Structures are given as structure tokens and as C-alpha cells.
Amino acid sequence: LNPAAPMKDSGVAWLGEVPAHWSVHSLRHHLKALFNGITSDQIDEGKNTVPVTRIETISKGVIDTEKLGYISADDARDDRLLLRGDILFSNINSLNMIGNCAQYCDDTPIYAGMNLLVIRPVEYVNYSWLFLLIKSSLFRREIESRAKPAINQASIPQSAILSITIATPTFLEQVAIANFINKETTRLDA
């Protein structure tokens, strides 16, 4: 990344200036899919069950397999099976937990369950970069500002998420940014 690269105004208050060669579009242009999980009744784990995500599954910002729920395998839908890189996103929760997210980076079959959205990027968007963007404090503040509060919880409609404008670096820059952040996070954690 070139720190001396020319900058441009993104036209979006929360983004400010961005490198001139980055594209600025709504999130909808960067997603292959955004959908709700299966709304089937959860049951005890058994012989004919499959695991599904729940809000508790991502409460710590990672997928906690100990907090998965189970539904009948007969209710499972192939189009709700998580794919590597999918982002689980809390769109109905307390206001301070709206936008909480985790990324699926496993090959163990898990289905998207109720009360979480699945965000699936297009091929030309690096899924690690998109995840880091979505879990960033600036993006979370934008989500909170668009959320509709209720008595004990808040929600954000899919249309509001899709309309959020983001600045997108080239694919190689996305990979470099994600690698740098993940490397530094690992170093700091150690």
C-alpha cells in the first residue's frame, strides 16, 4: 500500500477520504447473497439432527460450536448450509450487540439458523477483508445509527445493511490489508 497515493473524498461522512483508485459503492454491489437462516424449531441433538447457528453461537465474535442449536435434518435446506468465508451477522439483538459478527472458516457442516443473517461476498471481494471491515468500530457505529430500537432489542433491516456505502480497495490490497491486520492481531495476542 502506498501512503503517498492520491486521495479523494468518498462522499460519505463516516468514510472520509479514501485512496483515489478505490471504488465507492453500496455494500449490495459486493455481496453474492444476504439472507436469514432457517426458522425451524430447535430440538435436542439426536440421530436425525443437524447443527444450526444461534445468536449465542457468535456472542463472543467467533463461532462457538458449543453454542450451536439443532434442528431436524428433514428441515435443513441446502441453500442455508454455510460456506467458507460466510459472515454471520446479528441483525436483531440489544442495541450494543447489533452488528456483532463472526466468520465461518471451517468445513464442518453447519446451517444458518434463525436470528442471524448470512453475508456472502462475491468472488472479487476477499472474505477476510470484508469480515474485518464489517466488524470494525466505524462500520458498527454505522449499523447502530441505522438500527431501529424497540423495548428490549433493536433490529436493522437487510435493505439498510445493503445500502451502507463502503470504499473498496483492489483485490490484492484487500488481501494485503487482511493479512497485515491478522498478522498484527496474532502478534499482539501473543
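Predicted model: local features only at pLDDT ≥ 70, side-chain atom pairs only at ≥ 80, totals over all residues.
User: Let's start with α4. How many residues does α4 have, and what span does it reach?

Analyst: Helix α4 covers residues 171–189, which makes 19 residues. From first C-alpha to last it reaches 27 Å, close to the 27 Å expected at 1.5 Å a residue.

User: Which residues of α4 are buried, and where do they sit around the axis?

Analyst: General idea to begin with: an α-helix has 3.6 residues a turn, so residues three or four places apart point the same way. In this helix, Glu-173, Gln-174, Ile-177 and Ala-178 are the buried ones. Look down the axis of α4 and its buried residues fall within an arc of 130 degrees, so they line one face of the helix. What covers them includes α1 (127–134) and β13 (165–168).

User: And which exposed residues does the face turned away carry?

Analyst: On that face of α4 you'll find Leu-172, Phe-180, Lys-183, Thr-186 and Arg-187, exposed.

User: Now sheets. In what order do the three strands of the open sheet come, and is the pairing parallel or antiparallel?

Analyst: Strands of a sheet pair through backbone hydrogen bonds, either parallel or antiparallel. Here the order is β8-β12-β11, and the pairing is antiparallel. The edges are β8 (92–93) and β11 (148–149), each pairing on one side only. Between β11 and β12 (residues 154–155) there are two bridges, and Lys-148 stands opposite Ser-155 in β12.

User: What about aromatic pairs: how many does the structure hold?

Analyst: A pair of aromatic rings is described by the distance of the centres and the angle of the planes. This structure holds one such pair. The ring centres of Trp-14 and Phe-139 lie 6.1 Å apart with planes at 75 degrees, so the pair is edge-to-face. The partners come from distant parts of the chain, 125 residues apart: Trp-14 is in the loop between β1 (7–9) and β2 (17–19), while Phe-139 belongs to helix α2 (residues 137–146).

User: Is Trp-14 buried or exposed?

Analyst: Trp-14 counts as buried, because its relative accessibility is 16% and the cut-off is under 20%. Phe-139 is buried too, with a relative accessible area of 1%.

User: One last residue. Where is Thr-53, and what does it touch?

Analyst: Thr-53 is in the loop between β5 (49–52) and β6 (69–72), and it is buried at 1% relative accessible area. A polar atom of the Thr-53 side chain lies 2.9 Å from the backbone nitrogen of Gly-113. Not counting residues up to four places away in sequence, Thr-53 touches several others, among them Gln-42, Leu-68, Leu-82, Tyr-111 and Met-114.

Technical notes. Residues numbered from 1 in each chain as written. Heavy atoms only, no water. Helix = DSSP H or I, 4+ residues; strand = E, 2+ residues; numbered from the N terminus. Expected span 1.5 Å × (residues − 1). Buried < 20%, exposed > 50% of the residue type's maximum accessible area, 1.4 Å probe, protein only. Arc of directions from axis to C-beta. Contact = heavy atoms within 4.5 Å. Pairing = 2+ DSSP bridges. Polar contact = N/O pair within 3.5 Å; in protein donor to acceptor, adjacent residues only side chain to side chain. Phe/Tyr/Trp six-rings, centres within 6.5 Å; stacked < 30°, edge-to-face > 60°.
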